[in-house]
Every structure is written in C-alpha cells, then in structure tokens.
Amino acid sequence: MALSYKARRRWSLFILVIGLPAYIALAWWITSLFERPSIWVEFAVYVVLGIVWALPLKAVFKGVGQVGQADPDAPRED
C-alpha cells in the first residue's frame with residue numbers, strides 16, 4: 001500500500017522529530033555497553049549506524065523535502 005503525499009509528510013516529520021533522536025539515544029546506549037574501541041572503529045560504527053537508519057525509510061522521505069512543492073495527490077484545477 002503506497003502512502004499518500006500528506007501521510008508521507010506526517011510520517012517523515014514524526015520520524016525526524018521523535019524517531020531519529022530515539023535511534024541516536026539507543027545507538028549511543030548500545031555503544032556505551034562495550035569498552036571504548038579505537039577512534040577509527042568507533043567512527044566507522046557511527047557512520048554505519050548513521051546510514052542504516054535511513055535505508056528502510058527511503059520511500060517515506062522521497063519527494064517530501066522540496067520547498068514550495070504542491071501536493072501531487074491533490075486534484076488538478078484545469
């Protein structure tokens with residue numbers, strides 16, 4: 001089931017305001033459970049975690065952040 005433009009906008013806002021900070025806190029907590037690795041390993045872990053969160057959510061964010069874009073699902077006025 002494809003999400004409407006309005007639903008994608010709402011979900012993307014929810015994900016960015018609530019979900020992303022929660023994901024950051026979870027990643028930070030999980031990495032704090034282990035001994036601190038070298039700076040390069042820690043950097044690689046954070047880079048991978050920074051990319052991994054967005055991959056499953058790509059469809060939600062696609063086409064939502066364009067400024068001034070009209071709702072493509074709205075009926076056209078001809």
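This dialogue goes through a few features of a predicted model.

Reader: Which elements does the protein have, and in what order do they run from the N terminus on?

Author: The model holds three helices and zero strands. Read from the N terminus, the order is α-α-α.

Reader: How much of the protein is buried?

Author: A residue is called buried when its relative accessible area is under 20%. Here buried residues account for 12% of the 78 residues. The accessible surface of the protein is about 6,800 Å², and 70% of that belongs to carbon and sulfur atoms.

Reader: How do I read a salt bridge, and how many does the structure hold?

Author: Side chains of opposite charge can pair when their charged atoms come close. This structure has one salt bridge. Its partners are Arg-36 and Glu-42, with 2.9 Å between the closest N and O atoms.

Reader: Is Glu-42 buried or exposed?

Author: Glu-42 has 17% relative accessibility, so Glu-42 counts as buried. Arg-36 is exposed, at a relative accessible area of 64%.

Reader: How many aromatic pairs are there?

Author: Ring centres must lie within 6.5 Å for a pair, and planes over 60 degrees apart make the pair edge-to-face. The count by this rule is three aromatic pairs. One of them is Trp-40 with Phe-43, which is edge-to-face, at 6.3 Å centre to centre and 85° between the planes. Trp-40 and Phe-43 are three residues apart in helix H2 (residues 39-52), so about one helical turn separates them. Trp-40 is exposed, at 66% relative accessibility.

Reader: What about Trp-53 and Phe-61?

Author: The planes of the Trp-53 and Phe-61 rings stand at 85° and the centres are 6.1 Å apart, so this pair is edge-to-face. Trp-53 is partly exposed, with a relative accessible area of 21%. Phe-61 is partly exposed as well, at 23% relative accessibility.

Reader: Which residues make the nonpolar surface patch?

Author: The patch is made by Leu-3, Trp-11, Leu-13, Phe-14, Leu-16, Val-17 and Ile-18, and covers about 690 Å². Leu-3 lies in the segment before helix H1 (5-32).

Notes. Residues numbered from 1 in each chain as written. Predicted model: local features only at pLDDT ≥ 70, side-chain atom pairs only at ≥ 80, totals over all residues. Heavy atoms only, no water. Patch = residues over 30% accessible without salt bridge, like charges linked within 9 Å, V, L, I, M, F, W, Y side chains within 5 Å. Areas by Shrake-Rupley, 256 points an atom, 1.4 Å probe, with all protein chains shown as cover. Salt bridge = Lys/Arg side-chain N within 4 Å of Asp/Glu carboxyl O. Helix = DSSP H or I, 4+ residues; strand = E, 2+ residues; numbered from the N terminus. Phe/Tyr/Trp six-rings, centres within 6.5 Å; stacked < 30°, edge-to-face > 60°. Buried < 20%, exposed > 50% of the residue type's maximum accessible area, 1.4 Å probe, protein only.
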